[in-house]
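Student: Hi, could you walk me through the open and enclosed spaces in this one?
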Amino acid sequence: MELTSYAASPLSLLAPIIAIGLAILTRRVMLSLGLGIVSGALLLNDFSPLVTLHYLWQQLVAVFIEMPDSGQLAEASLNSWNVYILLFLLALGAMVGVITLAGGTRAFGNWARARVTTRRGSQLMTVLLGVFIFIDDYFNSLAVGNICRPLTDRQGLSRARLAYLIDSTAAPICVLTPISSWGAYIISLIAGILATHHITDVSPFGAFLELSALNYYAIAALVLVIASAWFDINFGAMRRHAIAARDGELFDAKRGNPPGNTHVEESERGRPMDLLIPIIVLVIATFFMIVQTGASALAAEGEAFGLIRAFELTDVAKSLIIGGAIGLLAAVVMLLRHRMGAGRSLSAIAQGASSMLPAVYILVFAWLLTGIIGSLGTGQYLATLVEGVVSPTWLPMLLFVLSGLMAFATGTSWGTFGIMLPIAGDMAAATELAMMLPMMGAVLAGSVFGDHCSPISDTTILSSTGASCHHIDHVMTQLPYALLGAAISLIAYLVMGLTDSTLFGWLSLAGLLVISIAWLARREMANPVVARA
């Protein structure tokens, strides 16, 4: 099927603008994503209704089944990444249903409430777990949400607050850590860029470590989320949700139950271990499978085992579904002592899995839109906006902004990495080679920032799912914090470019963070959501 490309046209921005704009204005995510999908498909197919319908059907099938170029159904294969991620969501929902039936959620909440007795403690525990589970952002978002939700609920924190704590820890820690799915992917991209430009004085791993120190937004986001947890900083839309949660409304009840909320009756005989053991088994099994699938890929290529290389070749989706299945099995084993009966147990599994269906639908639509945006050439069009800009002084700042816009419009930080990192390398080689790492650091930073703000980002969707928060509530409450971190990072990149010094860039970042946090903390103390004892 011949598609019309809009890589050189502003029309490539139409589909993401429709989807994102309507999602923010109407708060009806499925409708907004659907209209974005249809508008993009019509553009690609010259507004032919029948051809567009056929194309949309093909794209929907492609979410689940990969068709070969020959079009032969016999040669089709499972789209394992998408299918395994969706199955992992359903397995996690089923596991939550079983844990709830066993009374693990209630028991853990009671146990944690007796030990973590403050709002600050519950928030810091959430951030600490987010930092500790650095393997993958998908896994981080869902696991931390399910562990900490009973605790933050008990402390009267809104679900939007929990979603922010999860999301603003997950992606930043993963992008800064070499031993993670993000780190391995970025290192593989860096290796190709360094080889292309014949740079041999730094290894891809060493370059990644330097890039991490220049990823101002990820660092700023982590510092802000820790400070926000410590001082209980609520501003923008978050303050409204904090006040509602203080009054007993953890999420916006007008829009019904958010993803992850089950109606399973809880046992009174539950223990904290009914929640902790399945989660611990899930974490261990997933980590083991991530290493094991990477090791298998290395063995298939005849390479010796290396942890970084194993993370680069690992099959994250396969590891997640196997870990999820083992975690669900552990939850069922813990349930056996309660003798609930097969009927109630199966009902809890079904209700838990069905509670994840809203997240599944949104994720499928987001994947459809992402594929259509890729065919439209949105990323390529945005990349052309820096053509003709040759002054190295402005390039880190401009690349940060452009990468942020691209990730926001496309809903994918990884896709933005793949497009913008080679462009940054080429631009540095054509202007000033010494600026290559700062420019690539700005790309990583902007990509995470755009991902944090985008309603069509899968990481944003899964963070709201893990927190059982309505998706648009999470987007709108996280946005002020993300914009603050981006503004600070933007100034730091400008200072770095003007002074040609990464040290001055760091000093400006640190100074602005201290000033911003001090002002916000003082403002919160003057008018706290919850009166201090």
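Tutor: Happy to, starting with a term: helices (H or I, at least four residues) and strands (E, at least two) are DSSP runs, numbered from the N terminus. This is a predicted model, where local features need pLDDT of at least 70, side-chain atom pairs count only at pLDDT 80 or more, and totals for chains, interfaces and linings use all residues. Residues are numbered from 1 along each chain as its sequence is written, and side-chain values use heavy atoms, with hydrogens and water left out.

Student: Which helix gives the largest share of the lining of the largest cavity?
Tutor: That is H11, with 3 residues. On a 1 Å grid over the protein atoms alone, a cavity is a set of points where a 1.4 Å probe fits but cannot get out, while a pocket is an open set with protein on both sides within 12 Å along at least five of seven lines; lining residues have an atom within 4 Å of a point.

Student: What is the volume of the largest cavity?
Tutor: About 50 Å³, a volume being the space filled by probe spheres set on the points, with grid points joined across faces, edges and corners. Its lining includes Leu224, Phe235 and Tyr481.

Student: And what classes of residue are in that lining?
Tutor: The lining of the largest cavity has 8 nonpolar, 1 polar and no charged residues. Here Ala, Val, Leu, Ile, Met, Phe, Trp, Tyr, Cys and Pro count as nonpolar, Asp, Glu, Lys and Arg as charged, and the others, Gly among them, as polar.

Student: What about the second largest cavity, which residues line it?
Tutor: Among them are Ser168, Leu224, His452 and Tyr481. The volume of this second largest cavity is about 40 Å³.

Student: Switching to the largest pocket, how much space lies in it?
Tutor: About 510 Å³. There are 22 lining residues, and Trp81, Tyr138, Trp367, Thr412 and Asp458 lie nearest the centre. Helix H17 supplies the largest share of this lining, 5 residues. By class, the pocket lining has 10 nonpolar, 8 polar and 4 charged residues.

Student: Where does H20 bend?
Tutor: At methionine 420, by about 25°, and proline 422 follows within four residues. The bend is the angle between axes fitted to the seven residues ending at a residue and the seven starting there.

Student: One last thing: is alanine 112 buried or exposed?
Tutor: Alanine 112 is buried, with a relative accessible area of 1%. Buried means under 20% relative accessible area, exposed over 50%, partly exposed in between (1.4 Å probe, protein chains only). Alanine 112 sits in helix H5.
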